[in-house]
Amino acid sequence: MTEMINRLRSLPLQRAAVIGSGVMGAGIAAQLANAGFEVSLLDQAPNELTDQEKQQGKKLQDASVRNKLAAASLERLSKAKPAHLYDTDFIRRITPGNLADAGPALAEADWIIEAVVERLDIKKEVLGWIDKWRKEGALVSTNTSGLSVADMQEGRSEDFKKHFAAAHFFNPPRYMKLVELVPTSHTSKEALAALSAICTERLGKGVVIAKDTPNFIANRIGAHGMLVTLAATEQFKLTVEEADALTGPALGRPKSATYRMLDLIGLDTLLHVIDNVRERSGDEEERQLFTKPAVLEQLVAEGRLGEKSGAGFYRKQKDKNGKSKIEAVRWGTLNYEPSQSVQSPIIDAAKAAKGTAAKTKAILKTDSASPYAQFVWTILKATWLYSAKQVGIIADSIVDIDRAMKWGFNWELGPFELWDAVGLRQTAERMRQEGEQLPEWVEEWLAAGHESFYKQDEEKRFYVHSGQYVKEVQERDVISLAALKASGKTVLATAGASLIDIGDDVVCLEFHSANNAIGSDVLSAIRQAVPEVEQNWRGLVLANEGRNFCVGANLVLLLMEAQNGDWDEVEDIIRFFQSSMLRLKRMGRPLVAAPHRMTLGGGVEACLPADQIILSPETYFGLVETGVGLIPAGGGSKEAALLAAGRAEAARDALSGLNLQPHLNKVFETLAMGKASVSGHDAKKLGLLREQDRVIMRQDARIAEAKRAVLELDRCGYTPAREERFAVAGREGKAVLKLAVHSMLLSGAISEYDAHIGSKLAHVLAGGNVRSGTEVSEQYMLDLECEAFLSLCGERKTQERISHMLTFGKPLRN
Ligand code: NAI
């Protein structure tokens, strides 16, 4: 299998066609473009001209008329927020067209994706057209949410059927990891493996194999869970706010919890799913479960569909002062009232507990008479029993069910993982006492003396399958730091970071402080790690499994010292940060950083000393210190000046010599505006990366990829970085930067205080008051950084900015 996947990985699949340029078609086309595919995005050709087109003298045969649906979709795609494309330039990889004229494009495509409206007759017609044009061996998939895949391929050629399956993407395809692959009895093993390999290796998604049953895995379990939650909300007389407070992060699920999530996906969409399962299911019990709740029917009948119609379970209203306020539906009347924040010791206990298992237990173990505890127990019990009953029906493996819920609904733990964590045997006993019938396979599993569905053995995990434990096939190239730590691979640790053996004589430094902010605990781990790596290991990876890689330096202590006027203390903090980064930079072994998601301020400064940075596609990378009234002073400003000097050096020619200014302007703009990238690719555009840095497609493979890069650097005969001297733009360069700041101030684009910080930054990046082209040392630049930082710390407006950020998590522009 591995050999097959390796072969598939290197297949030159380059051309794709996506049919249907709606929400999903456009999103899938964007993800294909992100992965380097040339994509034809096709929709219907209109049957008649609009009045406006007639007035413009257009004809029905004009390409601008025939391709207009897909072209309009591309237009929307280029403006969508959050962005579907990693880089706005990738839009050039997508060509709009119409299906009727797209025969040649279909004939060239290696993979054709059908994403038209959810109607069997229309999908069948489109698939017939594809069959007519596709080249032999081309893969074909449908993005149906829940239609029968077998019904769809009726009447198609043998070669078509062999290469056809559902590939169900989740919305939005860039951000949601899950793809459910649903083969038919005709789909060849090779075609399924090829689809799986492309979705994982090329598109960076996570694949589960589902059976051809209504709504497949995630939407089936998810919709059932929503129905159960609606019923339990009513049963225990909770408000929608209370139900959301209990079914969001308190259970390791997204903040949108249940009702806010329903508003997002659309109440009518849930009704469609319910109808589909009920109508297509042959099971009476299932038909009962998927009965439409009266509340939902009434809201939909009244046009209250959720966000898209402006009101659902919640709505946003403006009060008489024009201020937005949120209102929530009241059960019974279905009138709106101001949304109430939910305060309760149970929710506090869940918040205080660490990890999903502990949070869930904290809720369940509270006074069992509490309606909150009973509500949560009712939902979990129903979800666990339903999921267990579906094994063998919607999917063969509990792993696929757990992964589908984690990747498609963003649950921290899948239903079986959470059931294990809360305690399988003891909850099963409680269910029996409450008169529930557990699925036969679960009873047999417990009777055989097993205590859990999963079993961890060193780094390997086993799961129950057909009455025995079988080894879980891990996702390729996923190194789990949590599993390594659990199996005793920690080499050293402080409160803020750990050094972990990740195999092949490579270690990973993992930050795990609050928000992964860099404070003295993280810095002291760095100081301890460097000699350890130099003596005993081939190299170091800097990566972690936190929500974000690092949100910056820990500002709490800094603010305290600044408010007390303890300048020596503030200087000590900066110097310790700077020298720790220098220790990393000069380490005698290769260092590769693999940031993900938010990587801000100090997080970027920790990456820049690395020999290589391997970015995940979802990396929001930026030296954003100006937002808190500061400039980067942990080596970040120095590294930015170095980047500009390096680029100027590379562009030097005999005629014009060394021209630092354009390169300095670019990094100055990025830092002064506190810009952060919207993806890994975008970080390159912001000028914060070096030639050797690269972006990978698979976020979850980042640690394995970084380790591979460390080993490669080691094998190539690694030489550590030496103290660098480099040219700066000096006072002339500073004058140009300050002029830009001044004109922004005059145009009203920035505040007086922004301009003040901008001038300080200009001074540092230009290398102070030396003559243009002067070569300076890294230490000289660090001293400039430190001086500017200290002076800004003393300013009231900077302290206000820091304090605002610590309180509200947002920058203050004062
Ligand atoms: P949509 O309504 O946004 O887009 C459908 C597109 O198909 C429209 O642009 C329409 O013009 C086009 N179309 C209709 N008939 C066509 C034909 N004969 N030839 C070419 N194009 C044609 O729908 P959406 O939401 O993008 O859904 C598409 C498919 O994806 C459906 O099967 C849906 O169930 C599924 N899906 C939707 C998800 C969602 O969140 N919206 C999530 C996952 C799957």
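Me: Which residues does Arg-304 touch, not counting residues up to four places away in sequence?
Reply: This is a predicted model, and the contacts are computed from it. Contact here means heavy atoms within 4.5 Å. On that basis the partners of Arg-304 are Leu-267, Leu-299, Ser-309, Ala-311, Gly-312, Val-329, Leu-334 and Tyr-336.

Me: Is Arg-304 buried or exposed?
Reply: Arg-304 sits in the loop between helix H16 (294–301) and strand E9 (314–318). Buried means under 20% relative accessible area. Arg-304 has 13% relative accessibility, so it counts as buried.

Me: Which side chain has a polar contact of 2.7 Å with that of Arg-304?
Reply: Take the side-chain pairs in turn. Arg-304 and Tyr-336 are joined by a polar contact of 3.3 Å. The 2.7 Å contact of Arg-304 is with the side chain of Glu-302.

Me: Leu-267 is a contact of Arg-304. Which elements do the buried residues of H14 pack against?
Reply: Helix H14 covers residues 267–280. Leu-267 is among its buried residues, as are Leu-270, Leu-271 and Ile-274. The packing partners of the buried residues are helix H11 (218–235), helix H13 (259–265), helix H15 (284–289) and H16.

Me: What span does H14 reach from its first C-alpha to its last?
Reply: H14 has 14 residues. At 1.5 Å a residue, 20 Å is expected. The model comes close to that, with a span of 20 Å.

Me: How far apart are the C-alpha atoms of Phe-668 and Ala-762?
Reply: Phe-668 lies in helix H30 (residues 661–672). Its relative accessible area is 6%, so Phe-668 is buried. Its contacts include Leu-761, Ala-762 and Leu-765. Phe-668 and Ala-762 are 94 residues apart along the chain, yet their C-alpha atoms are separated by 7.1 Å.

Me: Why do the buried residues of H36 line one face of the helix, and what arc do they fall within?
Reply: The buried residues of H36 are Thr-798, Gln-799, Arg-801 and Ile-802. An α-helix has 3.6 residues a turn, so residues three or four places apart point the same way. Seen down the axis of H36, the buried residues line one face because they fall within an arc of 160°.

Me: Which exposed residues are on the face of H36 turned away from its buried side?
Reply: The buried residues of H36 pack against helices H26, H27, H34 and H35. The face turned away from that buried side carries Arg-796, Thr-807 and Phe-808.

Me: Last one. What distance separates the centres of domain 2 and domain 4?
Reply: Domain 2 spans 218–471. Domain 4 comes in two segments, 628–674 and 723–814. Taken over C-alpha atoms, their centres are separated by 50 Å.

Notes. Residues numbered from 1 in each chain as written. Predicted model: local features only at pLDDT ≥ 70, side-chain atom pairs only at ≥ 80, totals over all residues. Heavy atoms only, no water. Buried < 20%, exposed > 50% of the residue type's maximum accessible area, 1.4 Å probe, protein only. Helix = DSSP H or I, 4+ residues; strand = E, 2+ residues; numbered from the N terminus. Arc of directions from axis to C-beta. Domains from an automatic or database assignment. Polar contact = N/O pair within 3.5 Å; in protein donor to acceptor, adjacent residues only side chain to side chain. Expected span 1.5 Å × (residues − 1).
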